[in-house]
Amino acid sequence: MTADHQDFPGTPLSEKDFEQGNVLFRHDEMRGQYAWDTGIAIGRYLQALREGVILGAYCRHCRKTVVPPRSVCEWCFRPMHEFVPLQDTGTVNTFSLCYVTWDVKRIQEPEIPAVIEIDGASPLHGIMHKLGEVNPQDVHIGMRVQAAWKEPEERQGAITDILYFKPIEE
Amino acid sequence: MGMRKVAVVGAGMTKFVRRAQETAKELCWEAARLALDSSELTMDDIETVCLGTAPDAFDGVHMNGEYLSDGAGAWRKPYMRSYVGGGTGVFVPIQGWYHIASGLFDTCLVVAEEKMSSYYPHAQAAFLTIFDHTTERPLKPNLLWIFALEMNRYMHTYGISKEDIARVAVKNKRNAADHPSALLGDPNITVEDVLNSEVLAWPVNRFDVSPVSDGAVAIILAAEHVAKRITDKPVWIEGVGWNLDTAHWTNRDLAYPRYVEYAARMAYDMAGIREPRKEINIVEPYDPFDYKELHHLEGLLLADRGKAPQLVADGVTNRDGDMPVCPSGGLLGVGNPIAAAGLMKIAELFWQLRGEAGKRQVPGQPKRGLAQAWGDLMQVGTVVIMGR
């Protein structure tokens, strides 16, 4: 079809068409509010974070320690009821220097999202968080890091009870 | 397994544009009409309709499949909408395939649509809702994060440079210059242009990423006895596969897409392919980011791990190379209206295998092609193998 058909439907618009009123549009804002139950495993994870501990879960059958903890092991589909405290240190598995926010606003100082393999969990098992107290140019894969916690009285039982992970000397 | 043979007998698509004046329903109808016209069928000949469209958050319409149904020609017909994230565009023809292979229907119209521009001011923010609401969303993640994190891990594991990866963007955007529906075709783009484009989320620069787009694609599937009455050049669906990994994406190896390999093995087995590197003549892997094309070639077992960049550097993946990859121009060049972009790859194989791809035609009368898409939280692989 394409060889003998060059005229494809579809009418491109530009931002100007909106500004100059060349096209009609309807603008609307939707607000959805939710209260998500944290469940059994993540509930325990958040409780532990409030106490300054990163919690994992151990599967006796697969001999794996995963983080965040869950109620069921996806490998064997057996219950995973053994929650184990892990270290609050780890190794940078990968990272990015991100110059745009979640809603695409430009920022000068990059955010540094990373996957951090948590000490005590099985190899390649980590969580997503951010890095801080570090020059972005010095961040590298394999870098050793430790959680920077909020003050105990400010913790709410949330992933943000860890402010970020910061480099450590060992 | 007693499955019937299924062929693609028609295809149509709209332009892929940053923002279309047409609504999502209108885009669906335009693509469906072209697909029907190309096979000289009418809706009376179509027994069932399958629709693919990605997250409802883009459109702000709950039950988007039902909302789009009249544009997709589903009025008073058995109709289903499928959704597997970015993998949807190559999953929805699989859904159409099993509708017919099972013997339930003889003809199926498959439509994939995306209108990402409605979300205001930028579709990117709608992606926040793909992350876990309790353990990840409070960090205000951006979709670019997961790609940047995966790309960095891939580069680090195999010692791959940004130049190696930028060659993919150059190849695909140059290929797209020959596609009449393309949004970002550029015959003169260079590796330097990609490396010098704005850094969004290092190691991802602007030209490493495919653009947010609006568009729709449709194909028509038919059972063997019907296909042979419709056309002299049916393109057969020889194998399909799909596979999903865990949503706990920080608990697995980011350097290798195991789920793509499993999807590919399922499709190769069905197609009776033992040596994919010799038996696949054209590849249309999912390329929303340039490194993803390389990542997927490795998962599809079409390159050794960490060695896909060498194929690109050696010209093997050029349109006139030994294994052309994304001769359409891919998502990086043609555009990325998510579900439509995946089905565009199926349409491209249909045109290529029939020798109807015009300026994009791969030389040497290719016999067999593979299309693949990918999505969710770096989780799903969907694969279709087509041959003539």
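Student: In what sense do β2 and β3 of chain B pair, and over how many bridges?
Tutor: In this predicted model, strand β2 (residues 48-52) of chain B pairs with β3(B) in the parallel sense, over 4 bridges. Within β3(B), B:S82 stands opposite B:G52.

Student: Which helix packs on the sheet and touches β2 and β3 of chain B?
Tutor: Helix α4 (residues 88-101) of chain B does, and the strands of chain B that it touches include β1, β4 and β7. The direction of helix α4 makes about 160° with that of β2(B).

Student: What is the strand order of the open sheet in chain B?
Tutor: The order of its 9 strands is β3-β2-β4-β7-β1-β8-β11-β10-β9, with mixed pairing. The edge strands are β3 (79-82) and β9 (282-284) of chain B, each pairing on one side only. On average, neighbouring strands are turned by 25° against each other, direction ignored.

Student: Turning to the core, which residues have the most contacts inside the largest nonpolar one?
Tutor: That core has 174 residues, and B:A31 and B:V111 are among those with the most contacts inside it. Helix α14 (residues 338-353) of chain B gives the most to this core, with 12 residues.

Student: What does B:A31 touch?
Tutor: Leaving aside residues up to four places away in sequence, its contacts include B:G12, B:V111 and B:V217.

Student: And how many residues does each chain give to the contact between A and B?
Tutor: Chain A gives 43 residues and chain B gives 52. On the side of chain A, β8(A) gives the most, with 5 residues. The residues of that side divide into 27 nonpolar, 13 polar and 3 charged.

Student: Which strands are joined across the two chains?
Tutor: β5(A) and strand β5 (residues 199-202) of chain B run antiparallel and are joined by 2 bridges. A:L97 has B:W202 as its bridge partner.

Terms used:
Residues are numbered from 1 along each chain as its sequence is written. Chains are lettered from A and ligands numbered from 1 in the order in which they are written. This is a predicted model: local features need pLDDT of at least 70, side-chain atom pairs count only at pLDDT 80 or more; totals for chains, interfaces and linings use all residues. A nonpolar core is a set of buried Ala, Val, Leu, Ile, Met, Phe, Trp, Tyr and Cys residues joined through C-beta atoms within 7 Å. A residue is buried if 20 or more other C-beta atoms lie within 10 Å of its own, exposed if 12 or fewer, and partly exposed in between; C-beta atoms are placed from the backbone. Two residues are in contact if their C-beta atoms, placed from the backbone, lie within 7 Å. Ala, Val, Leu, Ile, Met, Phe, Trp, Tyr, Cys and Pro count as nonpolar, Asp, Glu, Lys and Arg as charged, and the others, Gly among them, as polar. Two strands pair if DSSP finds at least two bridges between them. Axes are lines fitted to C-alpha atoms, for helices over the stretch in contact, and angles run from 0 to 180 degrees between N-to-C directions.
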